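Colleague: I am new to this structure and would like to learn how to read its features one by one. Could we go through them together, starting with contacts?

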Amino acid sequence: MSQHVAPEDPAPTSGSGATITPYRDGPLIVRGDFRLLDQDGNEIDPGRETIALCRCGKSGIKPFCDGSHKRAGFSAPSPPSRPRPAARILRADAP
């Protein structure tokens, strides 16, 4: 049950808050200053400053990644597959 953390990724700059990186065919890597809460507002202690959050729904230790995405054949790109509607509206309003 290891969490995927790529060593080549830069750590967030101090004081910059959290950085969330969706990995292609893998988890969301969260680095930096963050709080993890359940839907009732209770804090979840992540036990570390860098965590991997499950995107595939198959992890046995949700919300954390346990590598199950590999066995499940989970597929997702790193960038969004299409722009968010609000982003298009904001760009259209730009001078």
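Modeller: Contact here means heavy atoms within 4.5 Å, and, leaving aside neighbours within four places in sequence, F34 is in contact with A18, P46, R48, E49 and I51. Please keep in mind that this is a predicted model, in which local features need pLDDT of at least 70 and side-chain atom pairs count only at pLDDT 80 or more, while totals for chains, interfaces and linings use all residues. Residues are numbered from 1 along each chain as its sequence is written, and side-chain values use heavy atoms, with hydrogens and water left out.

Colleague: Which residues make up the largest nonpolar core?

Modeller: In soluble globular proteins, nonpolar side chains tend to be buried together. A nonpolar core is a set of buried Ala, Val, Leu, Ile, Met, Phe, Trp, Tyr and Cys residues joined through side-chain atoms within 4.5 Å, where buried means under 20% relative accessible area, exposed over 50% and partly exposed in between (1.4 Å probe, protein chains only). In this model the largest such core has six residues, namely V30, F34, L36, I51, L53 and F64.

Colleague: In what order do the three strands of the open sheet lie?

Modeller: Strands of a sheet pair through backbone hydrogen bonds, either parallel or antiparallel. Helices (H or I, at least four residues) and strands (E, at least two) are DSSP runs numbered from the N terminus, and two strands pair if DSSP finds at least two bridges between them. Here the order is β1-β2-β3, with antiparallel pairing, and the edge strands, each pairing on one side only, are β1 (18-22) and β3 (50-53).

Colleague: How many bridges join β1 to β2, and how many join β2 to β3?

Modeller: Five bridges join β1 to β2, with I20 standing opposite V30 in β2. Strand β2 (residues 28-32) is joined to β3 by four bridges; R31 has T50 as its bridge partner in β3, and L28 has L53 there.

Colleague: What backbone feature marks D25, in the turn of the hairpin?

Modeller: Most residues other than glycine have a negative phi, and most peptide bonds are trans. The hairpin of β1 and β2 has five residues between its strands, and D25 in the turn has a positive phi of about 60°. D25 is partly exposed, with a relative accessible area of 33%. As for the peptide bonds, a cis one joins K62 and P63, with omega about 10°, and P63 lies in the loop between β3 and α1 (68-72).

Colleague: Is H69 buried or exposed, and with which residues is H69 in contact?

Modeller: H69, which lies in helix α1, counts as buried because its relative accessibility is 8%. Leaving aside neighbours within four places in sequence, H69 is in contact with D25, G26, P27, C56 and F74.

Colleague: Finally, which residue forms a salt bridge with E43?

Modeller: A salt bridge is a side-chain nitrogen of Lys or Arg within 4 Å of a carboxyl oxygen of Asp or Glu, and by this rule the count comes to one. The partner of E43 is R35, with the closest N and O atoms 3.6 Å apart. E43 counts as exposed because its relative accessibility is 52%, and R35 is exposed too, with a relative accessible area of 58%.
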